[in-house]
Every structure is written in structure tokens, then in C-alpha cells.
Amino acid sequence: MVIILDKKASEAQIENIVKHLEGFGFQIHKSTGAERTIIGAIGVKPNFDTRNISILDGVDEVYRVTTPYKLAGRNFKEDDTVINIKGVPLGGNEIAMIAGPCSVENENQMFRLAKVVAQSGAKFLRGGAFKPRTSPYSFQGLGEEGLKIMRAAADEYKLLVVTEVMQIDQLELIDKYTDVFQLGARNMQNFSLLKELGRVEKPIMLKRGIAATIEEWLMSAEYILSGGNKNVFFCERGIRTFENYTRNTFDLSAIPVIHKKSHLPIIADPSHATGLRDQVPPMARAAVAAGADGLMIEIHDDPENALSDGPQALLPETYLKLMEELRLIASAIGRTI
Ligand code: PEP
Ligand code: MN
């Protein structure tokens, strides 16, 4: 930690700052310049709250040198993590495709869309059986019946299942049907759920919180990793900003930032990030170009009558065309889909 003192910091204030730092167990290196004094404090614990120092009289700025996350960080593991999901890699050279409807609605719908997903070459089928809806009057999902339908459709077309868990008491049930647990944006800082996900064996797709910083997102991954589950990947799904021509603001730059800060894979969800179908293909193409390790895309063949998120669902033909474009972009940067 580096502490930059006020130009006008008095000797007594400096002494008091040093006393505090030593009290917290830091080793101190003081450097007195012509205008300012800078103090280097060695031995900062990950959980140290730097505000304990920034609040002291005579302190101008405090900078952390080490990150508050460890297991999720590049410093902990230099090589990119590749998660093996029943033989399918997530991370590494191959870009993983996850597609399907927002909600599982019925058997017919799920089997029709699973067929499209398989035809596109994607390996993962998505669909929500427990839906986190803003309104309690909106469709809440089919629950276990939806999970059964989704598993059957995925098995029929040799796909893997990705579905959301909203609360701890759903874990056991969903575990019977899914291959990947999705932790939704609204639960990114549900710490008790994160701790439980640290105890399961299956991979976790950790979506970014609606107003979460990248550091907070990394800390949520740290919860899962520190519980023992090493199979975590991030999903950028847009964040809340002042802009309202899109449902959320797609933070494309999160992709290179996560790649720099973490060894874990990151995929992008241009569907929830934009909320409107005409914006999904451009953002999907951009995400692949930016280095995303995968994409999650919502599709529907009757979006006007979809039970959730119809306006952002791609029609099957648009999705299939997009997949061809994504393959070209992937090959231009030495990757495959
Ligand atoms: C979803 O993927 O179905 C979903 C609800 O996404 P998010 O948690 O990102 O809003
Ligand atoms: Mn959705």
C-alpha cells in the first residue's frame, strides 16, 4: 500500500499515521521528498480496509498495490483456466456457444429450439426454469417441470444444460438436471448462495451484477473459488448506466480487463446487455473480436408470444447467419467456434 501525504502534513500528523500503520502490523518505508512525504506500507492483508488510513489527518491518497482477490487473480495462476464440462472446453482456443430461449415454456418449444442450437454447432442449451423477474406478476418459470423438459431436449440433441439457480434451496433439485449453474446478475452478491456454490462440483457461470464493478465481480468469484469450486467463468451481461436506448450498457472492455486480471474465462451475453434483437448481432461480433471465450445468446421462433425477453430473442435464421459471421471473426483471430 502506498500512502501519499498532504503537502501540509505536520510532523505530528506523520508520526500519528506511522503509529497507526505499525499498529496494523505493517512494515514502513518512509520517503521524504522536497514537497511531500510518501509512505510505503508492506504486508497488507487482502481484507484490510484502506479507509482506516485514508481517514487520518495528513493523508492525501492511499493506493493498494496488491489485489483483494487472490485465487481469481492472474498472480495466483498465470495460465488461462480451461474448464472441462463433460469433455467440452470452456476457455482456451475454442469459443463456447450457449444458446436457447430465455425461459423454458413447454416441451414443444424447447425441442424445436434445441434442434436449432445443435444445428448451429453450439454445445450448450440455455433456458430458465426459475426466473428472476422484476415484476411478481410476470411469468416465474416452470420450476422442476421446466428442468425436466430442458434436460430431455438437451439429451435428445447431445447438448449440455445451463440454467439459473436463484436460491440455496433450489440447488439440490437443479443439480439433478443441469451441467452448469448460472448465477444471475441479481444474485452476484448473494454471499450465502456464493458460498454454497463453492461447495458444488459443477461449473458456475457468474454473471456480472447490474451495477457491479469488475473488482466486486472478481470478489464474487473469489467466494466460490475459496469454497473449493475452481470451475468458475464470468459472463458480462451489461451494466446499469444513464443510457436508456439500450436495456443495459454492454461493457465490452470488461473482456480484456478480466483477461488481464484473472485466469478464469469470460463469455459475453449480448442479449441481456442490449435487450433489443437488432443490437444483438453487432455486439456478439464485437465480443468475439474482443476475445470473449464464449457467448450466450437468446433465441426464439415465436418471439412475439415468448413468456419472457421476446424483444431480444434472435429468430433461428438470424442466429444461424450470425454463427457463420462469428466463425469468420474467430478464424481471423486464430480461434474456432
Ligand atoms: C438470464 O440469463 O436469463 C438472466 C435473467 O440474465 P441476467 O441475470 O443477466 O439478467
Ligand atoms: Mn432473458
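Figure 1. The predicted model has a protein chain of 337 residues, of which 50% count as buried, and its secondary structure comprises 11 helices and 14 strands. Along its principal axes the C-alpha trace spans about 75 × 45 × 40 Å. The domain assignment places domain 1 at residues 2-63 and domain 2 at residues 83-332, and the C-alpha centres of domain 1 and domain 2 are 44 Å apart. The accessible surface of the chain amounts to about 15600 Å², with 51% of that area belonging to carbon and sulfur atoms. When contacts between residues at least 6 apart in sequence are considered, 68% of them join residues at least 24 apart.

**Figure 2. The manganese ion (ligand 2) and its protein donors.** Four residues supply the protein donor atoms, namely Cys102 through SG, His272 through NE2, Glu298 through OE and Asp309 through OD, and these atoms lie 2.0 to 2.4 Å from the manganese ion. Written along the sequence, the spacing of the donor residues is C-x169-H-x25-E-x10-D.

**Figure 3. The largest nonpolar core and the surroundings of Ile297.** This core has 67 residues, and the members that touch the most other members are Leu197, Ile297 and Tyr319. Helix α7 (residues 214-226) contributes the largest share of the core, with 6 residues. Beyond the residues up to four places away in sequence, Ile297 touches a set of residues that includes Met97, Ile98, Ala99 and Gly100, and also Pro270, Val280, Leu314 and Leu322. A second, separate core has 17 residues, including Leu21, Ile39, Val59 and Val62.

**Figure 4. An aromatic cluster of three phenylalanines.** The structure holds 5 aromatic pairs. In the pair formed by Phe24 and Phe26, the ring centres are 6.5 Å apart and the ring planes stand at 50 degrees, so this pair counts as tilted. Phe24 and Phe26 belong with Phe48 to one aromatic cluster. Phe24 has 40% relative accessibility and counts as partly exposed, whereas Phe26, with a relative accessible area of 6%, is buried.

**Figure 5. Two lysines with positive phi.** Most residues other than glycine have a negative phi. Lys86, however, has a phi near 50 degrees, a positive value in a residue other than glycine, and Lys158 likewise has a positive phi, of about 55 degrees, although it is not a glycine. Lys86 is found in the loop between β5 (83-85) and β6 (88-90), while Lys158 is found in the loop between α4 (144-156) and β9 (160-164). Lys86 has a relative accessible area of 62% and is exposed, and Lys158, at 75% relative accessibility, also counts as exposed.

Figure 6. Asp251 is located in the loop between β12 (232-236) and α8 (254-261), and at 14% relative accessibility Asp251 counts as buried, because buried here means under 20%. Setting aside residues up to four places away in sequence, Asp251 touches Arg208, Ile214, Glu236 and Ile239. Asp175 belongs to helix α5 (residues 171-175), and with a relative accessible area of 34% Asp175 is partly exposed. Once neighbours within four places in sequence are left out, Asp175 is in contact with Phe181 and Lys202. The C-alpha atom of Asp175 is separated by 21 Å from that of Ala96, and the two residues are 79 residues apart along the chain.

Definitions and conventions
Residues are numbered from 1 along each chain as its sequence is written. Chains are lettered from A and ligands numbered from 1 in the order in which they are written. This is a predicted model: local features need pLDDT of at least 70, side-chain atom pairs count only at pLDDT 80 or more; totals for chains, interfaces and linings use all residues. Side-chain values use heavy atoms; hydrogens and water are left out. A nonpolar core is a set of buried Ala, Val, Leu, Ile, Met, Phe, Trp, Tyr and Cys residues joined through side-chain atoms within 4.5 Å. Buried means under 20% relative accessible area, exposed over 50%, partly exposed in between (1.4 Å probe, protein chains only). Helices (H or I, at least four residues) and strands (E, at least two) are DSSP runs, numbered from the N terminus. Contact means heavy atoms within 4.5 Å. Domain bounds come from an automatic or database domain assignment. Donors are N, O and S atoms within 2.8 Å of the metal (3.2 Å for Na, K and Ca); water is not among the atoms, so sites may look incomplete. Accessible areas come from the Shrake-Rupley method with a 1.4 Å probe; for residues, only the protein chains shown count as cover. Rings of Phe, Tyr and Trp (its six-membered ring) pair if their centres lie within 6.5 Å; planes under 30 degrees apart count as stacked, over 60 as edge-to-face and the rest as tilted.
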